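Me: I have a structure open and a few things to ask about it. Can we go through it piece by piece?

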Amino acid sequence: MQQARAVGSYFANTPFTKIYASPLPRARDTAEAVLDAQPIPKPLHDFTITQIREQSFGAAEGHQTCVREPGKTLEAHFAEGKYPILYESEKHVAFPGGESAEDLTRRGERAVRDVVLPHVVNVARSGKDEHIALVSHGLCIAQLVSAIVQLGGGTWKRKGPMVNTGWVRVEVRIQGGMSLEVADDEVPPVEVTVTDEGRTDHLEGLLDGGPLRGMKAIMGGGLVDAKI
């Protein structure tokens, strides 16, 4: 919780229009800390956004990754309760009962359409800036940022794993003036810039509570700070 309180304090002077969070405990607790540190009146918030929960690894949850054994299929590994790290070319593969990387990509795109796009449309129509936070998890954050960048026709790929409570800032600027007439599900002309990635200034002087274990050890978690 030290890390969550630290990131909350860091953003205490950043007035958010709305704070969203995954319902999973680590993200929800971090979002609560960010909300608690906000000035009164507190921003609107919704900590039940299942679309921004972390990727599910199904049967592999809580297990250590293993080295792939030569000549043995993935299915044979799974049958023995062994879960190798999947190759870049295996984005379509999911551990039993879990989600593939492609599943997570599609979920991130839906989340941006359902959660972020309405704010972009509001700004295009009203001309008034909005500033939202999405508190999620490492792998999902990468997909969320990528999907936001795609609104402007660009591409983005994270440089490395997210440190717990690390944050990314994305700016979405409306092109062609304000007070545009756009439909609820229409993407107005926008320019999207990732201005900060993997920031951990708030953790200076804090000791990490220890390494994460198992399949989620590569993930981390944190916040997407989207200024629109």
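Me: Is Phe 78 buried or exposed?
Reply: This is a predicted model. In it Phe 78 has a relative accessible area of 14%, and the cut-off for buried is under 20%, so Phe 78 counts as buried.

Me: Which ring does Phe 78 pair with, and how are the planes set?
Reply: Phe 78 pairs with Phe 95. The ring centres are 5.5 Å apart and the planes are at 70°, so the pair is edge-to-face.

Me: Where is Phe 95?
Reply: Phe 95 sits in the loop between helix H3 (74-79) and helix H4 (101-126). Phe 95 is buried as well, with a relative accessible area of 5%. Phe 78 lies in helix H3, so the pair ties together parts that are 17 residues apart in sequence.

Me: How many aromatic pairs are there in the whole structure?
Reply: Eight. One of them is Tyr 10 with Trp 167, with centres 5.6 Å apart and planes at 45°, so that pair is tilted. Tyr 10 is in helix H1 and Trp 167 in strand E4, so this pair joins parts 157 residues apart in sequence.

Me: Which residues are in the cluster with those two?
Reply: Phe 11 and Phe 16 are linked with Tyr 10 and Trp 167 by ring pairs. Trp 167 is buried at 1% relative accessible area, while Tyr 10 is partly exposed at 33%.

Me: New topic: how do H4 and H5 cross?
Reply: Their axes come within 8 Å and cross at roughly 60°, so the two helices are oblique to each other. The crossing is right-handed. Residues in the contact include Leu 104 and Val 112 of H4 and Leu 144 and Ile 148 of H5.

Me: What kinds of residues make up that contact?
Reply: Ten nonpolar, four polar and two charged.

Terms used
Residues are numbered from 1 along each chain as its sequence is written. This is a predicted model: local features need pLDDT of at least 70, side-chain atom pairs count only at pLDDT 80 or more; totals for chains, interfaces and linings use all residues. Side-chain values use heavy atoms; hydrogens and water are left out. Helices (H or I, at least four residues) and strands (E, at least two) are DSSP runs, numbered from the N terminus. Buried means under 20% relative accessible area, exposed over 50%, partly exposed in between (1.4 Å probe, protein chains only). Axes are lines fitted to C-alpha atoms, for helices over the stretch in contact, and angles run from 0 to 180 degrees between N-to-C directions. Angles under 35 degrees count as roughly parallel, over 145 as roughly antiparallel, 65 to 115 as roughly perpendicular and the rest as oblique. A crossing is left-handed if the near helix is turned anticlockwise from the far one by less than a right angle, and right-handed if clockwise. Contact means heavy atoms within 4.5 Å. Ala, Val, Leu, Ile, Met, Phe, Trp, Tyr, Cys and Pro count as nonpolar, Asp, Glu, Lys and Arg as charged, and the others, Gly among them, as polar. Rings of Phe, Tyr and Trp (its six-membered ring) pair if their centres lie within 6.5 Å; planes under 30 degrees apart count as stacked, over 60 as edge-to-face and the rest as tilted.
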